[in-house]
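Reader: Please pick one part of this model and go through it closely. Then set it against the rest of the chain.

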Amino acid sequence: MRPKPSRMLWITAALGACFLAIEWGLRDAPLLWYAALRALVAGGALLALAGVQHRPAPTGGRAWGLITVLGLVNVTVAFAAMFAGVAGLATGTAAVLANAQPLLILLPAWWLYGERLSGRSVAALVVGFAGLLLVAVPGGGGNGATLSLLAAAAVTAGTLLSRRLGGLDVVVATAWHLLIGGAGLVALAASFEGAPVIAWTPRFIVSLAFLALVGTAATTVAWFTEARHSRLDTLTTWMFLTPVFGIAIAAVVLRERPGGWTAVGLATVLVAMWVALRSPPPAPAPVGRGTPTGTALTSSGGALSMDGASRSTR
């Protein structure tokens, strides 16, 4: 199945705005402590929501083991690398490199879940990533670029792992993986940055609230909801829009003016994305080596729309 366009548009717009929120928040807080607060506030909010709605908690060592691994990869590693990438690069460039999922997920999705690709889709994704490189090159490379790509690899691994959490409530699983990943970030922050020194300015509070509640809690639940039934190549193709939104927002708010190559790159990305999303799905493949179809996270069918039927596991 294909992702819902309306849902993917607001997800990518919110994620694109996250890079501005990170840029602003880093003016008032140390890098790792800010990343930790993002995860802990988001996880706490979702866990409170799950408690009010009496959603079922995970049971069994396998479920908790997978949630723990997902938290360490998708939150601890991804958030730390993403925040460090923003600190070392222009905001728009970091947004580009941190969203290389569409290419990184191609081979793992085929290997683990038997998702065959058409030549047209592969070509469109390669051209789209080439467009992203046209955007990123003027921003320079170095450690910031490497860390942003590490964040992309960690988020890709998290998307693949999310399909293994069969039968778990999506809100509860998302909450606990954020809290566990946030605890890992606290340990890193305490080791490398010492005690937190945070200026609780209105700018920081607003940035943290948006980043945690909209850019993390809501988007992660919506993303995991789509990942349970959508082809991963089609789903992650939408992530090409995240840096487009990120660059547009940075240009308006931070006055990071894109150059001519940036405009060419963005046009290339949009055309490639249009081609990839219009490609007819390839012939059905045998079930891959991973979790069979239909055993992904359970949800109510909306990002945060909770009906009574969604509270029981499958």
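Author: Ala-248 lies in helix α12, where helices (H or I, at least four residues) and strands (E, at least two) are DSSP runs numbered from the N terminus. The model is predicted: local features need pLDDT of at least 70 and side-chain atom pairs pLDDT 80 or more, while totals for chains, interfaces and linings use all residues. Residues are numbered from 1 along each chain as its sequence is written, and side-chain values use heavy atoms, with hydrogens and water left out.

Ala-248 counts as partly exposed at 41% relative accessibility; buried means under 20% relative accessible area, exposed over 50%, and partly exposed in between, with a 1.4 Å probe and protein chains only. Ala-17 is 231 residues away from Ala-248 in sequence, yet the two C-alpha atoms are 9.3 Å apart. Elsewhere in α12, the buried residues are Leu-241, Thr-242, Pro-243, Val-244, Gly-246, Ile-247, Ala-250 and Ala-251. An α-helix has 3.6 residues a turn, so residues three or four places apart point the same way.

Helix α12 covers residues 241-253, and its 13 residues should span 18 Å at 1.5 Å a residue, which agrees with the 18 Å between its end C-alpha atoms. The expected span is 1.5 Å times one less than the number of residues. Just after α12, Arg-255 has a positive phi of about 60 degrees. Most residues other than glycine have a negative phi. Another positive phi, near 55 degrees, is found at His-54, again a residue other than glycine. His-54 sits in the loop between α2 and α3 and is exposed, with a relative accessible area of 67%.

Of its 314 residues, 53% count as buried. Its accessible surface comes to about 12,600 Å², and 70% of that belongs to carbon and sulfur atoms; the areas come from the Shrake-Rupley method with a 1.4 Å probe, and for residues only the protein chains shown count as cover. Contact here means heavy atoms within 4.5 Å. Among contacts between residues at least 6 apart in sequence, 92% join residues at least 24 apart.

Two residues give examples of such contacts. Thr-76 lies in helix α3 and counts as buried at 9% relative accessibility. Leaving aside residues up to four places away in sequence, Thr-76 touches Gly-71, Ile-180, Gly-181, Gly-184, Leu-185 and Leu-188. Val-186 is in helix α9 (residues 170-193) and is partly exposed, at 28% relative accessibility. With the same exclusion of residues up to four places away, Val-186 touches Trp-33, Ala-36 and Leu-40. The C-alpha atoms of Val-186 and Leu-40 are separated by 9.3 Å, although the residues are 146 apart along the chain.

Next, the aromatic side chains. Rings of Phe, Tyr and Trp (its six-membered ring) pair if their centres lie within 6.5 Å; planes under 30 degrees apart count as stacked, over 60 as edge-to-face and the rest as tilted. The count comes to four aromatic pairs. Tyr-34 and Phe-83 make an edge-to-face pair, 5.3 Å centre to centre with 80 degrees between the planes. Tyr-34 lies in helix α2 (residues 31-52) and Phe-83 in helix α3 (residues 61-88), so this pair ties together parts that are 49 residues apart in sequence. Tyr-34 is buried at 0% relative accessible area, and Phe-83 is buried at 0% as well. Trp-200 and Phe-204 have ring centres 5.2 Å apart and planes at 85 degrees, so they too are edge-to-face. Phe-204 is buried, at 0% relative accessibility. Tyr-34, Phe-83, Trp-200 and Phe-204 form one aromatic cluster.

Another ring carries a charge: the charged end of Arg-38 sits over the ring of Phe-79, 4.2 Å from its centre. The rule asks for NZ of Lys or CZ of Arg within 6 Å of the ring centre and within 35 degrees of the ring normal.

Helix α10 has 26 residues and reaches 35 Å from its first C-alpha to its last, close to the 38 Å expected at 1.5 Å a residue. It bends by about 30 degrees at Thr-219, the bend being the angle between axes fitted to the seven residues ending there and the seven starting there.
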